[in-house]
Amino acid sequence: MKTRILIVILLLNSVCWGQTDINRLSELQKIYFIAETNSLTTNFVNPAALSINKNDDGFLFAYDFLETKNQGTSLVSLSMGNLGFIYQDVYSIDNMRLTSYALNISVGGDLFSFGTSNKIINVAYIDGEKSHFTIDAGLIIQPSSIFSIGLLANNINNVEIDSFQYQQIYSVGARITIVYNLLDVFAQTDFKDSKELDANVVTSAGFSLKPLPFLELRTWLMGTKDFIDEGILSAVFNLDNGFIISASTHFNDQQERTRYNAMLAIPLQTISF
């Protein structure tokens with residue numbers, strides 16, 4: 001596979017944070033869906049993506065800029081065959097620093113893949129630190145190249161982390177290729193572990209449109225049954241020298257915070273094991 005460099009710059013993003021949801025710390029964990037099968041860009045979304053396709057490994061670095069000086073989210077992802085490594089660092093959440101280290105393991109092939117994300121979450125307070133171990137498990141079924149189904153269970157060992165919103169969440173999603181190399185459509189539903197099911201179901205949807213060889217348009221919308229809470233619109237430009245640059249806008253119903261995101265991804269051809 002030809003090595004190329006991918007740079008994505010996401011601009012003018014508005015995001016509403018109440019109690020911090022640490023299931024998806026990075027903007028990229030929202031933009032990409034659990035039914036996608038490229039391990040370079042979805043290793044940090046669904047660990048099952050590691051073994052569904054071959055020769056799509058690589059290194060990825062992303063950073064989210066918030067409007068305050070000492071806040072931000074770093075994401076580092078490395079996929080190598082059936083193994084993946086993820087590091088995340090949130091520099092400041094209510095005077096606490098959150099770091100996460102994950103080893104992803106996946107088995108399977110083109111039709112079926114299963115993976116786990118085994119992670120240590122460290123919370124640093126002013127007067128000390130606490131570490132927690134948790135496991136996510138994912139599944140991808142791809143009966144054909146134009147259709148795939150993704151399943152994901154977050155925090156299956158039900159770890160509780162102080163004031164952070166870290167619940168058990170079960171997700172199901174699908175990817176459908178409407179026109180090959182032109183239009184993919186995504187849908188995903190997240191079920192929080194709660195008896196009040198109607199109030200704890202969140203649905204997201206989006207598409208990837210490639211009208212020209214050098215241009216990709218990508219969307220992500222998320223909300224409940226009553227209204228859309230937030231969304232992302234992105235335009236990605238493929239340059240002649242192998243670089244890809246993207247500008248995006250992220251909006252929500254509150255428009256409380258502006259966020260900027262930058263991503264560098266380097267696909268690598270590695271030996272699967």
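Glu 36 is buried, with a relative accessible area of 10%; here buried means under 20% relative accessible area, exposed means over 50%, and partly exposed lies in between, using a 1.4 Å probe and protein chains only. The model is a predicted one, so local features need pLDDT of at least 70 and side-chain atom pairs count only at pLDDT 80 or more, while totals for chains, interfaces and linings use all residues. Residues are numbered from 1 along each chain as its sequence is written, and side-chain values use heavy atoms, with hydrogens and water left out.

Let us stay with Glu 36 and look at its partner. Side chains of opposite charge can pair when their charged atoms come close. Arg 218 forms a salt bridge with Glu 36, and their closest N and O atoms are 2.5 Å apart; the term calls for a side-chain nitrogen of Lys or Arg within 4 Å of a carboxyl oxygen of Asp or Glu. Because Arg 218 lies in strand β12 (residues 215–223) and Glu 36 in the loop between α1 (28–31) and α2 (39–42), this pair ties together parts that are 182 residues apart in sequence. Those helices (H or I, at least four residues) and strands (E, at least two) are DSSP runs, numbered from the N terminus. Arg 218 is buried too, at a relative accessible area of 7%.

Now follow Arg 218 to another partner. Glu 216 also forms a salt bridge with Arg 218, with 3.4 Å between the closest N and O atoms, and Glu 216 is buried at 14%.

Next, turn to another pair. The side chains of Lys 119 and Asp 136 meet in a salt bridge, at 3.1 Å from N to O. Lys 119 lies in strand β6 (residues 112–125) and Asp 136 in strand β7 (residues 128–144), so the pair ties together parts that are 17 residues apart in sequence. Lys 119 counts as buried at 14% relative accessibility, and Asp 136 does at 5%. By the rule used here, the model has 4 salt bridges.

Strand β7 also holds Thr 134, which is buried with a relative accessible area of 0%. Its side chain makes a polar contact with the side chain of Asn 155, at 2.9 Å. A polar contact is a pair of N or O atoms within 3.5 Å; within protein, one must be able to donate a hydrogen and the other to accept it, and residues adjacent in sequence count only if both atoms are side-chain atoms.
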